[in-house]
Amino acid sequence: MKSYYDLANTKISIPTACCLGNFDGVHLGHQSLINMLLMKARKSNLDSVILTFDPHPSKILKPCKCDPLIFTLDQKERILREFDIDHLIFAPFTQEFAKKSYEEFFYDILVDKINAKIVVIGFDYRFGHKGKGNAEVLTELCLKEGIEPVVLPPVMKDNKIVSSTLVRNLVQAGDVVRAQSYM
């Protein structure tokens, strides 16, 4: 797996399948996204790409209300490496990056830098300035450009949507065993 830490110097010329997310905790929902990415990439003979962010967007967008992270960057990278992904991109999330419109994010990054032919996201993924891009917007942009959009529904366990927030809350409440069951 090749890791990238700078979007300015990232350019993947071969066609890819790309999965977008923060992947904090790499919980069951994230694992579902990654498994779908790998299946789609292999089936279409594409390189697999995970695009995530460093630091977590909440540290830039809501610095006073930022939730503690489940994993450090090193832990996240170590665990993501276990999935046999071809490319792992840690896009630097800055105030300037946060101002990109969803169209700029889609065309500048997914189309131009990553050469995505398939894009995998979760049902609640948001992107672009003020989170104005969502699954519906991404689907429209992908279809317009001949890219296959894949939007996964929530992963449920114990009648709860598995999320980083759920895992964080369980850890903060001291219920580490239950938190681990979602990871």
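The model is predicted, so local features need pLDDT of at least 70 and side-chain atom pairs count only at pLDDT 80 or more, while totals for chains, interfaces and linings use all residues. Residues are numbered from 1 along each chain as its sequence is written, and side-chain values use heavy atoms, with hydrogens and water left out.

Next, select the C-alpha atoms, which fill a box of roughly 45 × 35 × 30 Å along the principal axes.

Now colour the residues by accessibility: 45% of the 183 residues count as buried, meaning under 20% relative accessible area with a 1.4 Å probe and protein chains only. Turning to contacts (heavy atoms within 4.5 Å), residues 24 or more positions apart account for 77% of those with a separation of 6 or more.

Then select residues 73-81, helix H3, and show the side chains of its buried residues, Lys-76, Glu-77, Ile-79 and Leu-80. Viewed down the axis of H3, these buried residues fall within an arc of 165 degrees, so they line one face of the helix; the arc is that of the directions from the helix axis to the C-beta atoms.

How values were computed: Buried means under 20% relative accessible area, exposed over 50%, partly exposed in between (1.4 Å probe, protein chains only). Helices (H or I, at least four residues) and strands (E, at least two) are DSSP runs, numbered from the N terminus.
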